[in-house]
Amino acid sequence: MNLFTRTLAGVGLAATLLTGTATIAMAETPDNMLVIAHRIDDLTSLDPAESFEIQGSDASRNIYMKLVNLFPDDLEAGYQPEIAESWEVSEDGRTITFTIKDGLTFHSGNPIRAEDVEFSLRRAVLMDKTPAFILKQFGFTPENVEQTIVADGNTVSITTDQTYATSFVLNCLTATIGGVVDKELVMANEVDGDFGNTWLKTNSAGSGAYKLVSWKPNESLTLESNPDFYLGAPEMERVIVRHVTESASQRLLLERGDIDVARNLNPEDIQGASAAEGVEIAEELRGRLMYVALNQKHPELSKPQVRQAFKMLIDYEGMENSFLKGAYTTHQNFLPRTYLGAVDENPFTYDVEAARALIEEAGVPEGLEIELGVREAQERIEIAQALQNAAAQVGITINITVGTSAQILARYRARELDVYVGAWGPDYPDPHTNAGTFAYNPDNSDEANATGLLAWRNSWDTGGLTEMVDAAVIEPDRDMRAQMYRDIQAQFRETSPFAVMFQLTEQIGLRDNVDNLSLGGPITNAAYWNVTKGE
């Protein structure tokens, strides 16, 4: 059984694939190897203290263990002990003391010590890369980590600046940044005080089910199994993720048997592949959201009427029923379905006349031209083009800039794009993971450089939502906390420069002998160590 839902089954293994009059011999990947076709151009670093994109998180989940983690065979159970054997919470709720399991080792053979955990968490704060805000939100700073993150024997204590729900803190430690690195190996590769960051971008120092063999940007990622993995050696001794951008190319590779999994098939190729021999289509609800963002530094895009007008220039239903069919469903809120406080209210519909009236009310000058940035991904480009066509009907010219994920993200994080079309996936299974980036921005200055916050990237000061998010994250009553997030999202829909559009139901094609692949559901990332291949 797979850990996601198989929806359409092929009729059996094929010996050949017929294309026109040509007969192509069917390839077959080895029984101990998993080959995946996926877009991996957003992979910019494999250092868990720096990685902040979806593909980096997929890789890190399989390379690095954490104090607590989410397990593919029981995602609904939430965080469970991994490197930590147990933990205790102080009476005031501010200090959590973790006891480290005995007998765990890194890929290098070095033992996992409390000192490694201390080093890993301190390192993430001291380096202060994009995902550091996940830890810094608890009051950890370069100046206080020696006092607030402390190893003592086989225990590690972390002390937060105030009392938070313990579940919130532990959920955050399941994020990529919670990955524990091998201190001895990392520091042996330190250069000019970089905490080994330059080396760790393209190497690994973990203890998880897999270790890195190679990463060739925009080409492939290769992982090799860890025979000493504490849960047992993975059956897939090698995992290769091939960068294949086109849906049609992924489908062809899958039907030929050159790959085991195709993760970026469009609805047309999903339908076509479902009829191929030896292929099945599976789906899994994910936490990823597709959204449009307007840069509030722009004098016209910062007008409230214009923000709302753009939400009416999106043909949600039309896109959902055409090129996004089966893959995305309309969802206009920043919390994905299944999260505490999630809502299903979708008040915006495609209404060009209403949008035009708002544009006129705002006094937008005739002939306005703006730049929209989008990565090289088929469905995102089509969303951008649909928005471009709609905007033209109200007198706004959108010039689309298409680039690699790294190129577009760099400009987005530098606050340079007028409009951005992209996707966002949660970092940990707590509502603050999205509230704390879409609706939170305590310092809107350029100098803050808070690139991990989407509100900051779009120069939006949130209009009081920052304070509401601060209150919600420390609320101990679960029901009241859920209501607080519902209230935040209601205000967000009406005032924010974000048009959240869709939530992903990931549809993938896979060979019908592949079992137990988990993509992570709405709360985490893909796990390869449970994968098996049958007959």
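Buried means under 20% relative accessible area, exposed over 50%, and partly exposed in between, with a 1.4 Å probe and protein chains only. The model is predicted: local features need pLDDT of at least 70, side-chain atom pairs count only at pLDDT 80 or more, and totals for chains, interfaces and linings use all residues. Residues are numbered from 1 along each chain as its sequence is written, and side-chain values use heavy atoms, with hydrogens and water left out.

**Exercise 1. Determine whether Trp-529 is buried or exposed, and state which residues Trp-529 touches.**

Step 1. Locate the residue: Trp-529 sits in the loop between strand S21 (514–515) and strand S22 (532–533). Strands (E, at least two residues) and helices (H or I, at least four) are DSSP runs, numbered from the N terminus.

Step 2. Apply the cut-off: the relative accessible area of Trp-529 is 10%, so the residue is buried.

Step 3. List the contacts, meaning heavy atoms within 4.5 Å. Not counting residues up to four places away in sequence, Trp-529 touches Arg-61, Asn-62, Pro-72, Ala-209, Tyr-210, Phe-229, Leu-231 and Pro-234.

Step 4. Compare sequence with space: Asn-62 and Trp-529 are 467 residues apart in sequence and 7.5 Å apart from C-alpha to C-alpha.

**Exercise 2. Describe how helices H17 and H18 pack.**

Step 1. Two packed helices are described by the angle between their axes and the distance between the axes. Axes are lines fitted to C-alpha atoms, for helices over the stretch in contact, and angles run from 0 to 180 degrees between N-to-C directions.

Step 2. For H17 (residues 465–473) and H18 (residues 478–495), the angle is about 165° and the axes are 9 Å apart.

Step 3. Angles under 35 degrees count as roughly parallel, over 145 as roughly antiparallel, 65 to 115 as roughly perpendicular and the rest as oblique. H17 and H18 are therefore roughly antiparallel.

Step 4. Identify the residues that meet: on the H17 side they include Leu-465, Met-468 and Val-469, and on the H18 side they include Met-484, Tyr-485 and Phe-492.

**Exercise 3. State where Thr-462 lies and what its phi is.**

Step 1. Thr-462 belongs to the loop between H16 and H17.

Step 2. Most residues other than glycine have a negative phi. Thr-462, although not a glycine, has a positive phi of about 75°.

Step 3. Its relative accessibility is 1%, so Thr-462 counts as buried.

Step 4. Another positive phi in a residue other than glycine is that of Asn-449, near 50°. Asn-449 is placed in the loop between helix H15 (432–438) and helix H16 (454–457).
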